[in-house]
Amino acid sequence: MKTILLKDAVALIPDGASVMIGGFMGVGTPERLVDELVRQGKRNLTVIANDNALPGIGIGKLISAGAVKKTIASHIGLNPETQKKMLARELEVDLVPQGTLIERIRAGGYGLGGVLTPTGVGTVVEKGKQRIELDGKPYLLETALRADFALVDAFLADYLGNLYYALTARNFNPVIAMAADTVIVEAENIVPIGVIAPDHVMTPAPVVDYIISHA
Amino acid sequence: MDAQTIIAKRIAQELRDGMLVNLGIGIPTLVAKYVPASLHVYFQSENGLIGTAGAVEGLHHPLLTDAGGRPVSALPGACTFDSAMSFGLIRGGHVDMTVLGALQVDAAGQLANWMVPGKMVPGMGGAMDLVTGAKRVVIAMQHTAKGQPKIVKQCSLPLTSVRPVDLVVTDLAVIGFPGGRATLLETAPGVTVAQVLEATQAELAVSERVSTMAL
């Protein structure tokens, strides 16, 4: 059994930890985990995620609570608080093209040192990176990303930790589930083993460490 | 007909049967309203959906949104996927056409559409991957902003990609880049060639057969 109380799971995450969080504009973000991070007053987190959502939604709550020291994201434009804190130098923001961000995380979870992508060649994204030519085409060497924790939002989890995601709430979730030392899952539904057919499992149980109990 | 409708209707004429198309936020989204009934076009939302269609009142699902986080519906035959596959589709050349907004496009077709240093730093989201990887890049924008030309000699804002765009459609004109040179192909109804040249900073070649947009 991998189930754990919400407060106990979040207590595992120390101040200063790096945390990957699933979701796209809040859709597919584990809201109970986010709320508990705020309630426990976490500080100096590095949050790796697609975006910073909106104030009051998903990762936006962590930004507003001052829990985040640095965010690595592809888009922050809809969260004015992130913009404000960034300009006031209270928050470090590392902007990464979305396809590059997810591929760096995938590389981190799949045991690769990085990836070669044409995205960003000749733009400000190239700054400080190695350019590699293959068959006459230029690519940037983008290094792998991993985190201490992945906070994953699933639609179904069985008690072993096999996961199934729904509709557009899948987004970063199955990729971050491979790329962190400790993987904590918040599932809309926790179901008996066998309910999710083998062909429908999107994240295999062995990579999941904890499932937040509904009790 | 207002400016946005002119742009969206003209771009819809670029759609072909069976295309996989990614529409950006803003004017590009309107293109979907004008798909000819005889065509089957797949629309992708980069948060993980092919088969995106407008939201149906009363049938919103909280886990089914577009890349702006707004509710959408999924057509019969739709499919969902994670962000790594979504950007594999984009970067891998599987997306036939993307329609994006722009801050500036220059005489060589290079695009700046993601930041104004010191003023607006929303992040590039998926734009850099889309411009780098889509087979065809079409820009939907107003010809000028606050009276200032947006089609300039050379972009002063940070580039989105070094890959030039293929077509620019504005409320005044259609501009292509044959041989790498900005060329006026069509004018909007009631707009003269001289008016387009006046509202454009880049030197425009004028096609021998400038036609009027057939809306």
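1. Val183(A) sits in strand E11 of chain A, which covers residues 180-191. The model is predicted. Val183(A) counts as buried because it has 24 C-beta neighbours inside 10 Å, and the cut-off for a buried residue is 20 or more.

2. Leaving aside residues up to four places away in sequence, Val183(A) touches Ala150(A), Val152(A), Ala177(A), Val207(A), Val208(A) and Asp209(A). Between Val183(A) and Val68(A) there are 115 residues of sequence separation and 19 Å in space, C-alpha to C-alpha.

3. Val68(A) belongs to strand E4 of chain A, where it stands opposite Leu45(A). Strand E4 (residues 68-73) runs parallel to E3(A), and four bridges join the two. Between E3(A) and E4(A) the chain passes through helix H3 (residues 59-64) of chain A, in a right-handed β-α-β crossover.

4. E3(A), residues 45-48, is also joined to strand E2 (residues 18-21) of chain A by three bridges, and these strands run parallel. Within this pairing, Ser18(A) stands opposite Thr46(A).

5. The contact between the chains involves 36 residues from chain A and 33 residues from chain B. On the side of chain A that touches chain B, helix H5 (98-109) and helix H6 (173-176) of chain A each supply at least two residues. H5(A) gives the largest share of that side, five residues. Sorted by class, the side of chain A that touches chain B has 18 nonpolar, 15 polar and three charged residues.

Note on methods: Residues numbered from 1 in each chain as written. Chains lettered and ligands numbered in written order. Predicted model: local features only at pLDDT ≥ 70, side-chain atom pairs only at ≥ 80, totals over all residues. Contact = placed C-beta atoms within 7 Å. Nonpolar A, V, L, I, M, F, W, Y, C, P; charged D, E, K, R; others polar. Buried ≥ 20, exposed ≤ 12 C-beta atoms within 10 Å, placed from the backbone. Pairing = 2+ DSSP bridges. Right-handed = clockwise from strand over helix to strand, strands pointing away.
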